[in-house]
Structures are given as C-alpha cells and as structure tokens.
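Work through the exercises below with the structure in view. Try each task before you read its solution.

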Amino acid sequence: MGSVLTKTLREQRRALAWWAVGLVAACVLTTAFYPTISKNAASFQKLLDSLPEGLRKAFGENFASPAGYLQARLFSIFAPVLLLIYAIGAGSRAIAGEEERQSLDLLLSTPVRRRRVLLDKALAMITATVGLGAVLALAIVVTGPPFEISIGVANVVAAVAGCVLLALAFGGIALAVGAGTGRRSVAVGVTAGIAAGSYLIDILALSVNGLGWLQRLSPFFYYRDPESIIRGLDPIDAIVLGAIAVISVAIAVWAFERRDLSA
Amino acid sequence: MNPSVPALEVERLTKSYGRARGVVDLTFSVERGEVFGYLGPNGAGKTTTIRILLDFIRPTRGRASILGLDSRRDAIAIHRRVGYLPGEFGLYERLTAHEQLTYLSSLRGGDDERSIRELAERFDLDLDVRIASLSHGNKQKVGLIQAFVHRPDVLILDEPTQGLDPLMQQAFYRLLHEARERGGTVFLSSHVMPEVEHVCDRVGIIRDGRLAAVEDIDDLKGKALKLVEVRLATPAPSGTFDRVPGVREAVAFGDRVRITMAGPIDPLVKALASHEVLDLQSREPSLEEVFLTFYATGDDG
C-alpha cells in the first residue's frame with residue numbers, strides 16, 4: 001500500500017488475472033485451429049484471394065504460413081482490440097474514476113501532488129498492459145509448437161510489443177480525456193470513437209487511392225504496417241506509437257494540474 | 001513559524017460559477033487554537049470555501065492561506081499540516097477499512113498504525129471489514145479517523161457528524177477537545193446550530209455565498225430566539241404574554257400559545273405559573289429561523 005502505483009495495481013490484481021486467462025484462452029483457440037487451416041491451405045488461400053485487395057491487406061496475405069496465420073487471426077484485430085479495451089478502461093478510470101466515486105478529494109488532501117498521482121496511475125496502466133502483453137507472448141510461444149506453429153521468440157515479442165504500444169497510445173488518450181473532464185464515460189466514449197474511426201480510416205485507405213496522407217494520422221497505420229510478426233517491429237512505428245502515449249500523458253498532467261476538481 | 005500568523009485566513013475570496021452557487025468576497029480569519037464553526041444552509045458555499053483552501057478548486061479572485069501558507073503556491077505544505085474530512089467522499093470499496101487508512105497514511109509518509117488502531121477503538125470501528133459492507137455511519141468514521149490520524153495542526157471538517165449516532169458524536173467531540181488541547185485549530189462546517197453551539201468558540205455565518213456575520217458563540221446564543229409552545233387547561237386571553245420580558249411574539253390558537261422569545265426563559269416560566277399548564281415544549285430555532293430574524297435582508301425578510 002506504499003504508493004498510488006502499487007495500490008492501483010494491487011486493487012487490480014483480480015481483474016488482471018481474469019484478463020490474463022482471457023488472453024491465454026484467445027491464444028489457444030487461435031493456435032489450436034492452425035493444423036486444420038494448414039491442411040486446407042490451398043482452399044483458404046483461394047478464399048483469401050477472392051477478397052477485395054484492401055481487406056486482404058488488412059488481414060495479411062500469407063494466410064497459410066504460421067506467421068501469416070497468427071497475423072491474420074490474432075494480431076490483425078483480436079489481440080490489439082483486447083489490449084486496447086484494457087488500456088482504455090484503465091486510462092479512463094485513472095483520474096475520472098477516482099473523481100466520479102469521490103475518492104479523489106481524500107487522495108489529494110495528502111501531500112501528494114496532482115501530477116504525481118496522475119503519473120503513478122499512468123505507470124500502473126503501462127505496467128499492467130505490458131504485463132498482459134507478456135502473458136500473451138508467453139502463451140503464443142508455449143502453445144504454438146504443439147499445433148505446428150513455431151515462430152521465433154523475437155518475432156512474437158515484436159508483434160506483441162506493437163499491440164502493447166498501440167494499446168498504450170489509446171490508453172494515454174483515454175487518460176488525458178478523463179483527467180481533463182473528470183468523466184469516465186466521456187473518456188471511454190471519446191477514445192473508443194477515435195479508435196474505431198482511425199481503424200476505419202486505415203482500412204479504407206488500403207483500398208481507396210489518395211487517402212495515404214489521412215492514413216498516416218491513424219495510430220493503426222503504425223501498428224499494422226509492416227506486419228511485425230513477419231518483419232519485426234519497425235523502430236519509427238514504435239516511436240510514433242510511444243510518442244502518442246507520452247504526449248497524451250503530458251497533456252493529461254497539464255489539464256489535470258490547472259482544472260477545478262468536481263466535489 | 002510566526003505565531004501571530006492566523007491559522008486560516010481568507011481575503012476577498014470569490015469563486016464564480018456560470019450558475020449561482022459560488023462565494024462572493026469572503027474575508028475572515030481563524031486564530032490558532034480556535035474552534036471555528038462555519039455555519040450556513042446547504043448550498044450556501046461552505047464546501048466551495050473549504051475546497052479552495054485545499055486547492056481542489058481555484059478562486060476567481062482573492063486569496064486563502066493556512067498557517068501563512070498560500071493555498072495555491074504552497075498546497076502540498078498545507079496538505080502536510082491539515083487533516084481534512086470532505087462533506088461527501090468515496091472510499092475504495094474493495095479495500096478493508098484498515099487498508100484504506102494505511103494507504104492514506106502511507107501517502108503522508110508516516111507509519112500511523114498505532115494511531116489508526118487507537119482511533120478505531122474509540123470509534124468502535126472494525127478495521128478488517130471491507131468498505132463495501134460498511135454502513136454510512138461507519139464510512140463516516142473512516143473519514144474522521146483519516147483526518148485525525150496524523151495529529152494535524154489544522155483540522156478542516158466539512159459536516160463532520162452527519163451519519164454518526166449520538167454516542168459516536170460524543171467520541172468525536174472528545175477528539176475535537178483533545179486536538180484543541182494540543183494547540184490545534186479546527187475549522188468545522190455545519191448546518192446544525194446546536195452542534196456549532198456545542199463545540200465552537202466563534203462562528204462565521206454564510207448565506208448565498210456571502211458572509212452574513214462572524215460572531216462569538218456566546219453573542220450568538222444571546223441573540224438566538226427560542227420557540228416555546230404551551231398548552232393550557234383554559235385558553236389565556238390574547239395579549240397575556242405579550243408584556244413578559246424577552247417575548248417577541250405570542251400567538252394563541254385554541255388552547256395553545258406559541259411564543260417566540262430571546263434571552264432567559266425565567267420570566268416566561270414565572271408568568272406561566274399562574275396558569276394550569278398541560279404541556280410545554282421549547283426548542284431552538286432552526287438556523288433558517290435565526291437567519292430570518294437577524295440576517296434577513298430587505299427584499300426577502
């Protein structure tokens with residue numbers, strides 16, 4: 001119970017354990033189907049080839065290889081969405097949650113600065129999201145080989161790291177909106193809206209010519225392209241996603257320090 | 001630290017919101033060692049004042065300070081020396097009372113385990129129960145304990161006794177007494193007149209965001225009206241009690257007479273002695289009634 005950081009994580013342990021169980025389950029459900037898919041690789045590839053080019057790019061084009069399969073089934077939507085939901089929830093709760101349940105006054109009546117509380121909450125969100133990412137990576141590395149999926153650990157880590165960074169970018173945005181407004185539902189709503197919107201932009205841009213510039217505004221662009229599980233994590237992409245998270249937290253501090261808190 | 005600096009001082013303090021419900025041009029100070037009651041109806045601006053003092057909200061104009069420390073610039077130094085009970089607060093439902101209290105006290109950098117145990121015993125609070133299953137009164141105890149636990153120089157308590165049963169109120173009053181013995185200062189908001197009378201040396205009365213008066217509690221008691229209602233066996237002719245010293249108004253209806261009076265009640269009791277009295281009730285006027293009598297402004301009085 002020493003600090004805001006440890007207390008926030010401690011309070012979350014049960015929820016985090018369930019998230020970990022969910023991630024492992026999602027992972028096993030994915031890897032366990034790979035043998036079926038690879039046996040029928042030819043027909044799946046045909047099905048994939050019949051999709052419009054944009055969708056094909058979104059799901060990954062090399063469906064039959066282990067890496068291509070994981071990219072399509074796990075890393076194109078499933079894993080990032082799960083981590084995103086966690087991070088957006090944690091970011092929204094961080095300040096706005098305390099404020100809405102009226103525990104913020106007591107917390108801030110101690111000699112702890114507002115920015116200290118916020119940074120501890122941000123650190124808790126980062127630690128927990130990275131932890132969940134580690135669970136996911138471990139699950140892939142452990143459950144892959146029995147189902148004919150053997151990918152280098154480095155590639156798995158790269159793909160998961162991309163997921164985690166994407167989640168933290170949106171978690172940071174949720175934290176900033178929550179710290180600025182003091183309202184959790186607003187933080188969740190606005191951030192989920194931005195996430196859905198920027199995903200759509202990224203997907204649309206794949207099939208609509210001339211949207212390339214718009215695509216670069218979407219955090220998903222820096223996650224999806226290139227496919228990290230195959231080619232490794234692109235440092236520029238990682239920096240862009242990390243920067244979104246860091247800048248969001250900085251904005252959160254700025255907004256939180258100067259605002260009237262609701263009683 | 002310069003002992004001549006007041007424990008608490010606000011100067012032309014104004015907080016405007018778009019709507020009403022702010023405070024306007026408040027100026028008053030509380031001396032060290034004083035128990036100061038901040039009295040006013042709900043929504044008058046008590047909580048707004050307190051939350052400015054603790055830097056949760058920022059004033060539109062004016063300034064506030066505690067022990068000579070500026071509420072904005074030195075907020076952290078103030079927090080170190082203040083114990084605060086919010087009027088409404090939430091606790092962490094998943095923690096036990098003990099975990100909640102150790103959390104807050106560890107953020108103060110102290111190990112107050114003994115103090116926590118001792119206060120819990122005095123308030124008859126089971127520390128191992130989860131907050132979620134505590135009654136409102138027990139949550140209020142947790143709030144009070146965290147305010148007192150680090151023996152602060154200044155206590156700022158927003159409606160401290162709400163939800164406490166009478167026995168626990170007594171325990172609270174004893175704590176206040178001890179805090180003052182140690183030389184502590186107490187700033188206590190309330191909308192309950194008798195409570196303020198019971199514990200405070202001085203009161204500031206706030207209404208509609210403005211300071212209506214700052215008075216010694218004894219002066220205020222002298223001014224306060226009493227309402228006496230008597231039931232007589234035979235109705236008294238009208239005007240019977242009008243000339244009794246201290247009586248402001250006597251209204252008879254049926255066998256009852258409702259008398260409003262100030263000062264000692266003895267003359268009225270003597271006057272009643274010549275009648276057969278079936279029942280007599282006396283009560284303190286509500287705060288609102290005091291306002292109407294003494295602080296009414298021209299337009300709404």
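**Exercise 1.** Start with a pair of residues: which residue in S4(B) is the bridge partner of B:Thr14?

*Solution.* The partner is B:Arg61. Now step back to the strands. S1 of chain B covers residues 8-15, and S4 of chain B covers residues 61-66. Five bridges join them, and the two strands run antiparallel. This is a predicted model.

**Exercise 2.** Find the strand order of the open sheet in chain B, then name its edge strands.

*Solution.* The sheet has four strands, paired antiparallel. Their order is S2-S1-S4-S5. Look for strands that pair on one side only: these are S2 (23-30) and S5 (69-70) of chain B.

**Exercise 3.** Describe the side of chain B that touches chain A.

*Solution.* Count the residues: 25 of chain B are in contact with 18 of chain A. Then list the helices. H1, H2 (75-81) and H3 (97-107) of chain B each supply at least two residues to this side. H3(B) gives the most, with six residues. Last, sort the side of chain B by class: twelve nonpolar, six polar and seven charged residues.

**Exercise 4.** Where in chain A is confidence lowest, and where is it highest?

*Solution.* Begin with the whole chain. Chain A has a mean pLDDT of 87, and 94% of its residues reach 70 or more. Confidence is lowest in H5 of chain A (residues 53-59), at a mean of 65. Confidence is highest in H8 of chain A (residues 104-108), at 96. Where pLDDT is low, the predicted coordinates should not be read in detail.

Methods. Residues numbered from 1 in each chain as written. Chains lettered and ligands numbered in written order. Predicted model: local features only at pLDDT ≥ 70, side-chain atom pairs only at ≥ 80, totals over all residues. Pairing = 2+ DSSP bridges. pLDDT = per-residue confidence, 0-100. Contact = placed C-beta atoms within 7 Å. Nonpolar A, V, L, I, M, F, W, Y, C, P; charged D, E, K, R; others polar.
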